[in-house]
Amino acid sequence: MLVTVATYSFPHEAHIAKGQLEAVDIPAFVADEHTINMQWLYSNAMGGVRLQVPEEFAAQAIEVLKEPVEMEHIPDSEFGPEPESAVCPHCGGELGEPYMAGRYPALVGLLFLGLPLWRIKKVQKCLSCGKTTKAV
Ligand SMILES: [Zn+2]
């Protein structure tokens, strides 16, 4: 039989925990998710989204859920994914590490004025043809 090892106010929290358990081969199930999506305002009144595991895994699951969630498992929706293996649009060659374009004094000026860092152009230089490409 299934036992509830944790409850969450929102389905995505339950799914992060479910992923934690499945990563260590504990079968996990999210209960009440459908009901919560239909009537999420009442989720707390109903006890939230329940995370359930087979009874024999319960003690192990509770131990796993005590561990902090590793940052790598959380989608970085605010900044977007970092490009890992971009290729040069000119020759298809390998691109080097992204770096900040522009001269150093300009960069300091931007920082001093408190402008957001994302406004500074990030570029990557091709290791084959040497042309620079704006980093995505
Ligand atoms: Zn190139």
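**Exercise 1. Find which residue of β3 is the bridge partner of alanine 31, then work out the order of the strands in the sheet.**

Step 1. Alanine 31 has arginine 50 as its bridge partner in β3. Before going further, note that this is a predicted model, where local features need pLDDT of at least 70, side-chain atom pairs count only at pLDDT 80 or more, and totals for chains, interfaces and linings use all residues. Residues are numbered from 1 along each chain as its sequence is written.

Step 2. β2 and β3 run antiparallel and are joined by three bridges; two strands pair if DSSP finds at least two bridges between them. Helices (H or I, at least four residues) and strands (E, at least two) are DSSP runs, numbered from the N terminus.

Step 3. Now take β1: its pairing with β3 is also antiparallel, over six bridges. Here threonine 4 has glutamine 52 of β3 as its bridge partner.

Step 4. Put together, the three strands form an open sheet in the order β1-β3-β2. β1 and β2 (29-31) are the edge strands, each pairing on one side only. From one strand to the next, the twist averages 35 degrees.

**Exercise 2. Describe how α1 and α3 pack on the strands and on each other.**

Step 1. α1 packs on the sheet and touches β1, β2 and β3, a contact being two C-beta atoms, placed from the backbone, within 7 Å. The direction of α1 makes about 20 degrees with that of β3. Axes are lines fitted to C-alpha atoms, for helices over the stretch in contact, and angles run from 0 to 180 degrees between N-to-C directions.

Step 2. α3 lies across β1 and β3, and runs at about 20 degrees to β1.

Step 3. Two packed helices are described by the angle between their axes and the distance between the axes. For α1 and α3 (residues 58-66), the angle is about 115 degrees and the axes are 10 Å apart.

Step 4. Ala17, Gln20 and Leu21 of α1 meet Ala61, Val64 and Leu65 of α3. These residues divide into five nonpolar, one polar and no charged.

**Exercise 3. Which residues make up the largest nonpolar core?**

Step 1. A nonpolar core is a set of buried Ala, Val, Leu, Ile, Met, Phe, Trp, Tyr and Cys residues joined through C-beta atoms within 7 Å. A residue is buried if 20 or more other C-beta atoms lie within 10 Å of its own, exposed if 12 or fewer, and partly exposed in between.

Step 2. The largest core has eleven residues: Val5, Tyr8, Ala14, Ala17, Leu21, Ala28, Val49, Leu51, Val53, Phe57 and Ala61. Two or more of them come from each of β1 (2-8), α1 (11-23) and β3 (49-54).

Step 3. Five of the six residues of β3 are buried. Leaving aside neighbours within four places in sequence, alanine 14 is in contact with Tyr8, Val30, Val49 and Leu51.

**Exercise 4. Is cysteine 91 partly exposed or buried, and what does it touch?**

Step 1. Cysteine 91 sits in the loop between α3 and β4 (99-100).

Step 2. Cysteine 91 counts as partly exposed because 13 other C-beta atoms lie within 10 Å.

Step 3. Not counting residues up to four places away in sequence, cysteine 91 touches Cys126, Ser128 and Cys129. Its C-alpha atom is separated by 9.8 Å from that of glycine 130, 39 residues apart along the chain.

Note on methods
Ala, Val, Leu, Ile, Met, Phe, Trp, Tyr, Cys and Pro count as nonpolar, Asp, Glu, Lys and Arg as charged, and the others, Gly among them, as polar.
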